[in-house]
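Hi everyone, thanks for coming.

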Amino acid sequence: MKQVRRTLPRLLCLLALTAWLGAGVAQASDYAEITQLLKTGKATEALGKADQRLTAAPRDPQLRFLRGVAQTDLGQTDAAIATFTQLIQEYPELPEPYNNLAVIYASQNQLDKARTALEMAVRNNPSYAAAHENLGDIYARLAFQSYAKAQKLEANNPALRSKLAQVHELLQLPAARAAKPAASRP
């Protein structure tokens, strides 16, 4: 699944809009600094900076989103779920928290929850390509599960074997991507 790295232009637009609305240059600089820390694999530092900045701006959705990304990178799954869920409750129009929440659910094989979250992401932003791709990946995984169950019930059905093989091949390409879902990244 796709990470937010693909949404960098969108995040940059959000940063510019925030700065334009009076958040100031310092806040845009904070976003850039935290984003850079995340990109360079320094999630612990990014989380510390996000938490520090959130003391001054506790409702800032961008800082909270970056905090959730850092939590995800650090393997703090429950904390990341809480962060993205709270963002969704307070800012239901933002598609990125839905996408990242879906990636966590997919990694836990909670495909129905992932599907629901991704459907909300694309409903909120129909041109959000990463969420559409992730939703397709979830549908493919759900199809694979259904075909596998059907084949167990009807082992001699050649059409089921063929469908199962096709979906299995789809899920293997590229192999590295199918093995690890991708979240939205800054």
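**A buried glutamine, a helix and a core**

Okay, let's start with Q71: its relative accessibility is 2%, and since buried means under 20%, Q71 counts as buried. Keep in mind that this is a predicted model. So where does Q71 sit? You'll find Q71 in helix α4, which covers residues 61-73. If we skip the neighbours within four places in sequence, Q71 is in contact with L47, Q76, A79, A80 and T83.

Now, helix α7, residues 111-124. Which residues of α7 are buried? They're L111, A114, A117, L118, A121 and V122. Looking down the axis of α7, these fall within an arc of 135°, so they line one face of the helix. Among the things covering them are α6 and α8.

Last, the core. The largest nonpolar core has 38 residues, and I34, L38 and F84 have the most contacts inside it. Elements giving it two or more residues include α2, α4 and α7. Domain 1 (34-91) and domain 2 (112-174) both contribute residues, so this core lies between them. As for I34, leaving out residues up to four places away in sequence, it touches A46, K49, A50, R53, L63 and L66.

How values were computed
Residues numbered from 1 in each chain as written. Predicted model: local features only at pLDDT ≥ 70, side-chain atom pairs only at ≥ 80, totals over all residues. Heavy atoms only, no water. Buried < 20%, exposed > 50% of the residue type's maximum accessible area, 1.4 Å probe, protein only. Helix = DSSP H or I, 4+ residues; strand = E, 2+ residues; numbered from the N terminus. Arc of directions from axis to C-beta. Contact = heavy atoms within 4.5 Å. Core = buried A, V, L, I, M, F, W, Y, C linked by side-chain atoms within 4.5 Å. Domains from an automatic or database assignment.
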